[in-house]
Amino acid sequence: MEAAHQSFKARADAALSDATLKVAIDRTTGTAERKRGAAVAAFPEFEAARARGKAIKDHVIAHLDHYLEEFERNATAAGAKVHWASSDTEACAIVVRICRDADARLVTRAKSMLGEEIGLPHALADAGIERVETDLAEHIIQLAGERPSHIIWPAMHRTREQVAVLFNAAHEPPPAAEDPASMVQSARRVLREKFLRADVGISGANFLVADTGATCTVTNEGNAELTTTPPRVHIVTAGIEKLVPTTAHAFALLRLLVRSATGGELTQYTTFHCGPKRPGDADGPEEMHIVLVDNGRSRMLADEFREMLRCIRCGACMNHCVVYRQIGGHAYGGVYPGPMGAVLTPVLAGLATSRDLPFACTMNGRCAEVCPVGIPIPTLLRAWRGRSWREGLEPRATRYGIGLWASVARRPRLYRLASGIGVRMLRLIGRGGWIGSLPFAGAWTTHRDFPTPAGRTFMDLYRADRAGSAAPREPRP
């Protein structure tokens, strides 16, 4: 956790120096990219579904107050208790109070990025309540004392060999072998006893259905069902932007979510919870509490980052991001990593403490291309960059450097002269077609070499190409 207090550049440098981390990232994101590509290719209606998903989310965002009231009314009618939290601190206080009222000593928790966002694991620990993460990947990072590095695969930064070390140290008895099947069986044995003893189960929600008051969870392991059903009390923590008008709208978004996240058509478990156990029900919690969390989302409604509220947390932007695939999730320092995290973290933590994140992007646009609800992430990152400049958060050297460049760029002859000299100097620095180090650009060349430029500027090449195109050509025979 200490790494979170380092600068982004220090965290990124450490990640780039970790060869094992690169192996772990490539294994997961490469597979995710290929599976998503195949799933989209096999779904000809994907673009139409994406347009509908975008329209659904935009409609809800535009009428959020209406659907929040409708959801509260219907969830309450179904027997759930709805709580409102304006901040992370207030949300944690509500959850802790519910746990204490239930005299809870053991709490199981299904994977929830909202829970990570509000700091719920720390709040439960401070309250003296034992917390058990039931998602396999979350179980791994709980043993390692780490935060998630990906919103779909929280332990993707860990290799199978590293997981075997953790399980051998923490599981009693240890796994019978170090193959995946044996380690999964070991985790199942350890967690099963916790499922049955838990006083409270806590989950997130992928969707909140306004016209029924139901919450929807999407998992591949079934741990969410074992977290929400056996305990006496079920607590749901969810951001207010998770609303959809009807169950049909939830399924329309599920078609996008699953294909974008894991490359499947549907996850193993898609469960709708609508209130606590009723008379005659075979199982279920005696109480159901839903904590609706704002934590900056209302502010986003009124500014240029409003479109980020469309996010359905699929993780596709990370899997296709050339930066994330080099440094992983922990380098970003916040709860949400990757491109979507570079937009959300300044909202949650403030731009002054996270201004490096919007600049950790090549602006290649892959994140926007694969986003299932059409969020223009590069545009939002540019908005943060502009705000950083206007608020004077850039280092003085950067401001002077950009000012000097702008002064030269406004003078075409001077710019052509300077760029011509520059490319020729780079040719002299290069060795064997590559530049291994560059004065004043050590951050660029520490971990990679640059190809030596052609020796002519873009404008030189452009004029030569135009001249060639304008030259008369002999007619073909």
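Two strands are said to pair if DSSP finds at least two bridges between them. Helices (H or I, at least four residues) and strands (E, at least two) are DSSP runs, numbered from the N terminus. The model is predicted, so local features need pLDDT of at least 70 and side-chain atom pairs count only at pLDDT 80 or more, while totals for chains, interfaces and linings use all residues. Residues are numbered from 1 along each chain as its sequence is written, and side-chain values use heavy atoms, with hydrogens and water left out.

**First stop: an open sheet**

Select β8, β5, β6 and β9. In that order these four strands form an open sheet with mixed pairing. Its edge strands are β8 (243-244) and β9 (269-273), each of which pairs on one side only.

**Second stop: strand β7**

Next, select residues 233-239. Buried means under 20% relative accessible area, exposed over 50%, and partly exposed in between (1.4 Å probe, protein chains only). Val233, Ile235, Thr237 and Gly239 lie on one side of β7, and His234, Val236 and Ala238 on the other; both faces are covered.

Strand β4 (residues 200-203) pairs with β7 in the parallel sense over four bridges, and Val200 has Val233 as its bridge partner. Strand β10 (residues 287-293) also runs parallel to β7, joined by seven bridges; here Ile235 stands opposite His289.

Select Lys194 in helix α10. Lys194 has a relative accessible area of 19% and is buried. Leaving aside residues up to four places away in sequence, Lys194 touches Leu106, Thr108, Glu130 and Val132.

Then select Glu116 in helix α6 (residues 113-118). Glu116 counts as buried at 17% relative accessibility. With the exclusion of residues up to four places away in sequence, the contacts of Glu116 are Arg109, Pro121, Glu138, Pro148 and Val335.

**Fourth stop: salt bridges**

A salt bridge is a side-chain nitrogen of Lys or Arg within 4 Å of a carboxyl oxygen of Asp or Glu. By this rule the count comes to 25 salt bridges.

Begin with Asp58, which is partly exposed at 27% relative accessible area. Which residue lies 252 residues away in sequence from Asp58 and is tied to it? Asp58 forms a salt bridge with Arg310, with the closest N and O atoms 2.9 Å apart. Asp58 lies in helix α3 and Arg310 in the loop between α13 and α14, so the pair ties together parts that are 252 residues apart in sequence. Arg310 counts as buried, at 1% relative accessibility. Asp58 also forms a salt bridge with Lys54, the closest N and O atoms being 3.3 Å apart. Both Asp58 and Lys54 lie in helix α3 (residues 46-62), four residues apart, about one turn of the helix.

Move on to Glu133 and Arg131, a salt bridge whose closest N and O atoms are 2.5 Å apart. Glu133 is buried at 1% relative accessibility, whereas Arg131 is partly exposed at 21%. Finally, select Glu33, Arg325, Arg366 and Glu369, which are linked in a network of salt bridges.

**Fifth stop: backbone features**

Most residues other than glycine have a negative phi, and most peptide bonds are trans. Select Glu172 and Pro173: a cis peptide bond joins them, with omega about 0°. Pro173 is found in the loop between α9 (160-170) and α10 (180-197).

Arg313 is not a glycine, yet its phi is positive, near 60°. Arg313 is in the loop between α13 (297-301) and α14 (316-319).

Methods:
Contact = heavy atoms within 4.5 Å.
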